[in-house]
Amino acid sequence: MSTYAYFAKAGDRADKSQYEVAIAMYEPRAADYDDSWHPDYTRRLMDLVGVHPRDRILSLACGTGLEIFHAAPTIADDGAIIGIDATKAMLQVAQRKLDAHPSLHRRVRLIQHDITDLESCSALEKRPFDLIVCSNAFVLLEDRDATIAHWAEYLKPNGRLVIDIPGEQSIPEGTIIENICKKLGIKFASDRSWIRSIDSFRAVLESQGFDVKTATVLEKRSGKDVKLLDAGQLESQFEKVVQTAVENKLVPPDFYDKTKPLFIEEWNKMAVDNKVRVCESLYVYIAEKRA
Ligand SMILES: C[S@@+](CC[C@H](N)C(=O)[O-])C[C@H]1O[C@@H](n2cnc3c(N)ncnc32)[C@H](O)[C@@H]1O
């Protein structure tokens, strides 16, 4: 497992694990995470998935529990939903939702742990699940093949694995910061560089013993899918993402000023007729573990 750059103080670079970096990113986001496109997106995602009353569901990187609380009313008392996440503040939001619905206590359990190392999670019995869901988190994780193989161990034969990843045109400012970090030797918190089309992840799933039943394009915000950005618009989005990365200590404080020429290089690679096409969608895969 490699380590990620973490800029604790100006010019002072430390190294952290992916798990620690995720916590640093999501602790500050927890309080208003649900005031975003996520709840509506998760509702549409979970409608695609469909759950059955007796399902045992594992919600990985469950965050504030959006997938959990969408599924929970359908799950009977002999079903179960276990949510696992790294970030205490995100889990605390989920716990408050659970406390507001005491009838769900029998069915829902929340655990703080690393989803890439379920083996060491003593609170999780290794009894296979019917459904594993991991939404809006997979590109934060390190080793795609090993992660899928690891999760497959927690699924029944023919059990379903649901994962989404951003489309290749989804967050150009994110792709730019990732590419610049690569050039500068900074291991950044997310990696989308391997996503070329909807087929990129299909190949990963199939190589790890899954049949992809459906691969669907799902808009982040319903009806607000495609836009064209000029250089100035993309640069201001890039500035915002750098600002957040600086606040989360993922890049050094002087990153924006220092990387302006690299931003222009990246812009030139992406732009067609001086515009970058943004398609704010995710690819949602519903895959079945081969028996
Ligand atoms: C964008 S949020 C997604 C939350 C939820 N699935 C949703 O769609 O609203 C990403 C979550 O991934 C979690 N995460 C990232 N890496 C993790 C890891 N290695 N183990 C556990 N959780 C992790 C973060 O703590 C954060 O809550």
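Here is a short walk through a predicted model, from an annotated domain to a ligand shell and a helix pair. Local features need pLDDT of at least 70 and side-chain atom pairs count only at pLDDT 80 or more, while totals for chains, interfaces and linings use all residues. Residues are numbered from 1 along each chain as its sequence is written.

Let's start with the record. An unreviewed UniProt entry lists residues 54–180 as "domain: Methyltransferase"; such positions follow the numbering used here, feature names are shortened, and annotations may be inferred rather than shown by experiment. Over residues 54–180 the chain is 28% helix and 27% strand, with 47 Å between the end C-alpha atoms. Helices (H or I, at least four residues) and strands (E, at least two) are DSSP runs, numbered from the N terminus.

Now turn to the ligand. Around the ligand lie 22 residues, of which A22, A61, G63, A86 and T87 come nearest (a residue is near if its C-beta atom, placed from the backbone, lies within 6 Å). The elements giving two or more residues to this shell are α1 (18–26), α2 (38–49) and α3 (66–71), and α1 provides the largest share, four residues.

Finally, look at helices α8 (residues 231–247) and α9 (residues 255–270), which pack at about 140 degrees with their axes 11 Å apart. Axes are lines fitted to C-alpha atoms, for helices over the stretch in contact, and angles run from 0 to 180 degrees between N-to-C directions. The pair is therefore oblique (under 35 degrees is roughly parallel, over 145 roughly antiparallel, 65 to 115 roughly perpendicular, the rest oblique).
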